Amino acid sequence: MRSKWITVLAGLIAAMVLVSVAIGLNTPDGSLKDSDTAKPSATATTPSPTPTATTPSPSATPARPTAGRAPVSVRGPWPGHPDSVTVTGNSVDWCPAVRTTGAAGAVAVFGKAAVDDAACAAVRFIFGKRYSRLAIPRDSYDVQDLDFVLPALATSTTEVFRPRVNAFVAQPDSVDVREELGLVVFRGEGTEAGAKHTAAGSGRVFYGSAYSADGYRDRAVWVNPTWSKVAISVDRSKAEPRIVAVLDASAAVPVFNPAERRDDMLTVPTHAMFFLRKEGSSWKVGGWQLTSGTYEYAKLAVR
């Protein structure tokens with residue numbers, strides 16, 4: 001009987017020990033408090049992919065200037081023109097930017113509106129005829145190449161101009177013949193036989209293949225037009241009075257500098273005197289005295 005109680009007592013003690021060990025596994029001090037709450041176990045998560053550094057696209061490197069073609073900066077009608085002119089498509093109306101001086105005598109004879117129109121006709125001849133695409137040297141010329149000048153001339157002046165055109169077509173290298181035209185026409189003096197490009201003087205060359213205008217395709221031949229106020233007076237030496245318009249002007253043709261591998265420009269100054277007569281509702285050029293100043297070369301900079 002005694003051994004039975006001993007066996008029961010031993011079993012109770014063993015059970016108490018197991019309960020105590022179980023409680024100790026849950027709380028080290030063997031107690032549970034109201035503030036203790038069950039915390040969810042952490043679950044494994046898939047890590048977000050680490051962003052990879054993107055290589056920036058290299059910026060476009062500007063194409064180096066070449067003698068093959070004039071730069072895109074000289075595209076459009078008369079780059080560098082004053083803001084006060086009016087541009088419509090490929091046409092430039094110079095009149096809004098033209099100013100006169102000393103015009104009182106002419107205004108008394110012809111009226112202010114007529115004088116302003118005459119001054120504009122003088123400026124229009126400078127930048128529409130004298131500085132033209134014909135300036136780029138060619139191997140040869142046809143009479144029709146100069147027809148664009150005729151609408152600006154008085155009837156009597158047209159009769160004088162045609163023989164000058166014929167002389168130029170026959171002898172384009174004659175300086176005297178070219179000066180009588182009243183137009184800026186380069187001839188590429190100094191161009192060596194077999195050269196790829198036409199010489200423009202002082203080590204520069206015109207764009208494109210020699211004696212062609214392909215280097216100025218879709219590009220302006222002249223840039224940066226400037227002119228002074230137009231001095232107006234009256235000429236009474238003919239049967240009917242004429243307006244005399246005097247001004248100084250300049251424009252630059254883009255050229256290439258092989259030594260520096262850069263775009264340059266050749267500026268041609270002009271001193272001009274026009275004799276203008278009224279034919280119908282328009283002022284026409286009845287004569288002129290046009291002289292070129294010293295050519296100047298510089299790095300191309302469109303105003």
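1. The link of C95 and C120 is left-handed, with -80° about the S-S bond. C95 lies in the loop between strand 2 (91–93) and strand 3 (100–101), and C120 in helix 3 (residues 112–130), so the pair ties together parts that are 25 residues apart in sequence. Helices (H or I, at least four residues) and strands (E, at least two) are DSSP runs, numbered from the N terminus. The structure holds 1 disulfide, meaning a pair of cysteine sulfur atoms within 2.5 Å; in C95 and C120 these atoms are 1.8 Å apart.

2. This is a predicted model, in which local features need pLDDT of at least 70 and side-chain atom pairs count only at pLDDT 80 or more, while totals for chains, interfaces and linings use all residues. Residues are numbered from 1 along each chain as its sequence is written, and side-chain values use heavy atoms, with hydrogens and water left out.

3. C120 is buried at a relative accessible area of 2%, whereas C95 is partly exposed at 27%. Buried means under 20% relative accessible area, exposed over 50%, and partly exposed in between (1.4 Å probe, protein chains only).

4. In helix 4, the buried residues are T157, T158, F161, V165 and F168. They pack against helix 5 (175–181) and strand 10 (282–292).

5. A70 is placed in the loop between helix 1 (2–26) and strand 1 (86–88). A70 counts as buried because its relative accessibility is 3%. Leaving aside neighbours within four places in sequence, A70 is in contact (heavy atoms within 4.5 Å) with Y207, G215, Y216 and R219.
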